[in-house]
Structure formats: C-alpha cells, structure tokens
Amino acid sequence: MGAVVAKRVLGSIGAIFGATVLAFIIMRALPGNPARLIVGPLATPHAVASVSHEIGLDKPVLTQYWLYISHFFQGDWGYSYADGKSVKALIGERLPATIELAIFSFALTMICAVVAALLVTYRQRPVADRILRGVAYVGFGTPPFFVALLLLIVFFRSFHVLPGPEGRLGLQAAPPPTVTHMYTLDALIAGQFSTFWSSFVHLLLPAIALGLSSFSFIVRLLRANLLEVSREPFLTVARGKGLRRWTAFRRHALPNAFLPTLTAGGLVLGEFLAGSVLIERVFNWPGIGSLVFDAIVKQDYAIVQTFILLSAVIFVLVNLVVDLLYAVIDPRVRIPSVATA
Amino acid sequence: MRLRGIIGGGGGGGSSRGGATDVGQRRREQVEPGRAAGNGLPDAARSDMALSVRNLSTVFEDGQRTVHAVRDVSFDMRPTERLGVVGESGSGKSALALSILGLIEPPGRVVGGEIHLGGREISKLSDRALGAIRGKDIALVLQDPMSALDPVKTIGAQVIEAIAAHNPEMRRGAARRRAAELLREVDIPQPERRLDDYPHQYSGGMRQRVAIAMAIANNPSVLIADEPTTALDVTTQSQVLALLDRLVEQHGTAVILITHNLGIVSDFCDSIAVMYAGRFVETSGVDHIFLEPTHPYSEALLKCVPNPERLADGPLPAISGFPPDLAQLPQGCAFQPRCPVGREIPECRRQPPRPHEVRGAAGAAIVECHFAEQRIKEVKV
C-alpha cells in the first residue's frame, strides 16, 4: 500500500508541476502587456516600465516562474488590477458558493445515478430502462446552459415552483451566520429553517443543470457495469451459499460495479469544483466561475492565473483521493498477484 | 483413479451403481442392482433418495423467442451416488444445475416439474425458504475458478460467508477457525495466513479448492459441480478431482458432475446421463455407456473421445451438423437431423421418441430413441 500511495502522490505532484508550467507559458504567451493594463492606456512609457519592474516582468523567465509558483503556494496571490482587492479575498468570497453547488450537484448526480441504475438492473424494469436510456442520451448531448434555460422556463416561469436566477438565497432571506460558508449547513446550524429551505430550493435548478450530463454519463457506465457484474459466476456462487438475492448483489455486485464509476465520479467532482462559468452566469450564482468570467472580460491577470492553478490543484487532489480510494477498495491494485509475486 | 469392474449397475434413471472396486465396502453395500428405474418411483421410495427430479422444464423467454433449455428431465439420486451429466455446450447442462437450485434468473423461468431434496419438495419454495437450503443441503461448485470468487473480497470473507449464511449465531472467531479448517481440508497450505489473501493471490487450482471448500462448508447432502475442472490444466484437474473424490467420500455427499469430459465421468461417476437439446436422452450406469452406448448420440460422443488405441484409425471423428436451435426444436427426435440412424426415417422426423427401458450386458438404461431395443443388440464398440 505504501508503494501505491508514494507512486500516486508523486504522480500528482508531477501533474501539478505540469499545470503550473502550462499556466505560466499560456499567461506569458497571451497578447497584451499586463503592466500596460494596470496603468491604463494614457500612462507614460516610464510608468509602464516602473509597474513592469514592480510586478517582476523584467526579471529572467525562470525567476518569474519561481516567484509565480512560490507566491501561489504561499497563498500570496496578488491583487486584482480591476478593483485593487486581494485575489485571496475575492476567491475566498466566491469559492464557498461554488463548492456548495458542486457538492450538492455531485451528491444529487451520484444518488440519482445509483438509484436509477439499480432500478433497471437489480429490479429489471424494461420500461424504466428504455426511458433512462433516452434521458441519458438526451442529457449527455444537450449543453448544460441550454438545460439551465429550459429548467428556468419550466419550473420558474411557467409553473413558479422553484425560484428564478437570483443567486443563493431569496430576496427576503439574509445569509446565515458564517460557520462553514455553506448556506444550507450554516442555516441548519443556526436553526434558521426558512433560510435553509430558501438556499436548498435555490440550489436545485443549478445543481440539476450542472449535473445532468454527468448523470447521463455515470448512469450509463454504472448500468453497463452492473449488468456485466450481475452475470459473473461469483454472484451465482454467492447465491448458491444461500444468500438472499439483494445480499449477494449488495456484497458482491455493487463493489465490483462501482470501481469504474469511482474514477468517473472523481473526474466529475473535480470538474464541478472548478466552477461552471455558464451555469453560474445563467443562475446569477456568485461562484468562482462568474468571478473568472468577469476577470477574463476585464483582463484581470492576477485572478485568472490564480484560478487556473487553483482549479488544476483541486482537480489533481480530487483524483489523488480517488486513486487512493480505488487502491483501498480493489486489492488487485495494492497487492501483486501470484503471477508476478 | 479407480478400477472399474463390470458389475451390472441397477436400472436407469440414474439409480445404478457401477462396481467401484477401490472405494471400499461402505459404498458397495449400498448397491442395489436391478432397481426399477426412473419415472415411476412410489413416493416412499422417493423419500429415500438424496435428490429426485421429475419432469423439470426450464425456458428462457425474450419476447419473441422461447428457448427450451431443460425439457422434461427426470432422475433419481440415492445418497452418495455420483451422476455424471454429459453433453455438448448449449445442451442445457448448466441450466439444469441452476434450475435444481432455483437460481434461474429472468428472462429464464422453471415452467414445470418437481424437485425432491431428501424427500422434501423444494421446487415451489420461496426464494427465502430456498436460501435456507442452498449451501446447506445442496451446494454448487462452478466451472471457472477465475470468476467464481469475488476479486475484491478476501478468501476468508468468502468462505466465512458460506459458513455464516447457515450459522447466524456463530461468532466471528469461531467462523474463522472453521474457515481455516475447511481450507486445510482442501489442502491449502498455511490456511490461517492464506485466509487474508485475495483471489488473485491464489493459483487456479487453489481457487477451485476454495470453491469446493465453500461448497462443502455446511456438509450438504447433494453437491452440484458444473464443469469443476474444465478451466484447469490436466495435472491440476486430476488433483482437484482426487480431492473432490475424497471429500464426497468422507462426507457421504451425492454429486452431480456436469462435464463434457467422458474420461472424468468414467473415473468419477457411478451413473451417467447424456443430455441433448435439454433432455436426458440416455441414462444408465457408467459401464453401460462405455460398453453399449445405445442412443446414437451417446455412441457418437464416445467416438469423439481421444483414445490411444485408435490413433491408427486416423483423425477423430466429429459429430456432423450443429445442435438444434432450442427455440425451434424439430417436431420429432431432436437428434434426428444429425443422426446416422434416423436421419432418413420418417418416424424419427415426425414422432418424438418416448423413453425406452432396455437391458444390456452392462446393466439397464433408459434411452429416448425409437431404435433403442434394436440397437442394444447390435452395438459393439
């Protein structure tokens, strides 16, 4: 196990290093001089040179790279050129909204996918299977922002059952006292049930819009894996021992069928955590995606480069956790077989 | 493995017993030659049987097609009897095994028949009630040791699962000791330590031993072994068979050995049922089949067995044609389109043969062939 952990951690460090190099090169290759952007179009060349010196643009490239990553990992992410606030504060303000939406959407996606896949495999419902395959087909092929608009038209404009694009809370609700930065959890901790409900219903549509295509992907994967595993002889053997059908299925089919889904789930969660620009725009969600969208429009260099690295680190870390979990669940990953021993 | 004298087995219906000379008196004493065969045992006699199957039929339906995998199969097994079921792939052997255990999954369905296990009718029981029987009174060993064990659970967990399923009150430590004991019984070295290993750390032969250990965990009266040695190399095969032989001998277990290897049947079994297109077309003591295969299909199967004495005769013959589509069975005898005897005969084409009881030099047999009586006088191998 130790060897597996070391290998995966080293691999992750390598991936993050690659991401920093890539982000650094892309940022330098983009047209436009950041110093010129900071001082404005009317500034003198002397002012531009002085700002260049200040932000280190006149230093050798390797030194610049070193400063870039050392500052990033020290949490010194610089200041927004647009409004002078610290990037750390800006991201810290927006990240919880994205994390809350990502975790909620991820949980919803996984729970729905597992329930649906069990319904059509373990329960063998052919009609439900056909419907599910249709939904998965359409859900996988439809762009999320379009799904978001459709959801808003149906549930907000036509039937008024769910709130419209007004962010994390209704207009009457005030944010709950901050503990975890997740409004749903904080509201529950503070005992403000109306605030909890408001934040919960505000999460629903964005979560569905964000999760639908991943749901489609995972449900197809899980369905196929469950069907394959339920034909495995070891399931018949387990039934032959006298186990009930569900017991045999739960103990032997589910863990084996979940293995490939775990990897897929890691990719999905990593993607959700990096924030979705379009979904956050459509629902006015005050998350990291809309922050980055604004930053790109304003060419706010410091925010964009921090975001690129941050999302790379989050993505790599989530997948590191998945790889380690995989090794815990699947002994074939951590223990060599007889053939190679 | 064992010498086999030509002592006349009993009647058909699987109730015969060949003379197994080196297995000791205990088994020989139970031989009752000349027993009335098959389909009409009175109820009292049936309750003496370890397993008694009547008119078992199983189909698989997928909307358009109905595949008749098991058709009207009947047989009896006395305690400690060993019945070999042979036939080509797709002849319904595995479906028969699963039907007996009540493990046919949709779209498959057992459509008729009775199964008496130790005198108790089990074919109409609920899944829960059957769960109390499976693994305890009747157990299963499957073909492929690579896939018969869950790759993500330890060997110990899987053996303990078989024990705990029928001993819910047993403590974990005791179950673990019992599991180690079982592994020792199937000749796994260092059983306590190897309990914590995973299937991929075991060799194929060892996995098959584990599968046998799980099957005998609760001392079942009937063991169904579906091609238990097919996936193993020849040396391992004979080791596993010797082990199985020893264990069922010790525990007094009746065995249904499903295989397409006639050599294994001749070594291991007392009686044999030749399965073709879902039916038992010939059922007899094991000697009868090898000396006087009466059904043309049995004869053809036997000719396909490699035999050093026949090397000079050129390449092994194959049975021409293909097994019938079990969804579109011929009107008459299912073997007729391939049969060297009945291919051109209108009766064979139109009329399904009824079971004929015949008696030859090596005992009685039940043969589903219009020419059974005629052939038993002619056949010489």
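## Ground rules

Two residues count as in contact here if their C-beta atoms, placed from the backbone, lie within 7 Å. Keep in mind that this is a predicted model.

## Inside chain B: two domains

Chain B comes with a domain assignment: domain 1 covers 1–137 + 220–381, and domain 2 covers 147–218. Where do they meet? By the contact rule above, 14 residues of domain 1 of chain B touch 13 residues of domain 2 of chain B.

On the domain 1 side, helix α9 (residues 234–251) of chain B gives the largest share, with 7 residues. The make-up of that side is 9 nonpolar residues, 4 polar and 1 charged.

## Where chain B touches chain A

Now for the two chains. Their contact draws 31 residues from chain B and 23 residues from chain A. On the chain B side, the elements giving two or more residues are α4 (127–133), β8 (138–141), α5 (155–164) and α8 (204–216). Of these, α4(B) makes the largest contribution, at 4 residues.

## A look at chain A

Chain A has 15 helices and 0 strands. Its C-alpha atoms fill a box of roughly 85 × 60 × 40 Å along the principal axes.

Of the 341 residues in chain A, 35% count as buried. And how do its contacts run along the sequence? Taking those between residues at least 6 apart, 68% join residues at least 24 apart.

Note on methods. Residues are numbered from 1 along each chain as its sequence is written. Chains are lettered from A and ligands numbered from 1 in the order in which they are written. This is a predicted model: local features need pLDDT of at least 70, side-chain atom pairs count only at pLDDT 80 or more; totals for chains, interfaces and linings use all residues. A residue is buried if 20 or more other C-beta atoms lie within 10 Å of its own, exposed if 12 or fewer, and partly exposed in between; C-beta atoms are placed from the backbone. Domain bounds come from an automatic or database domain assignment. Ala, Val, Leu, Ile, Met, Phe, Trp, Tyr, Cys and Pro count as nonpolar, Asp, Glu, Lys and Arg as charged, and the others, Gly among them, as polar.
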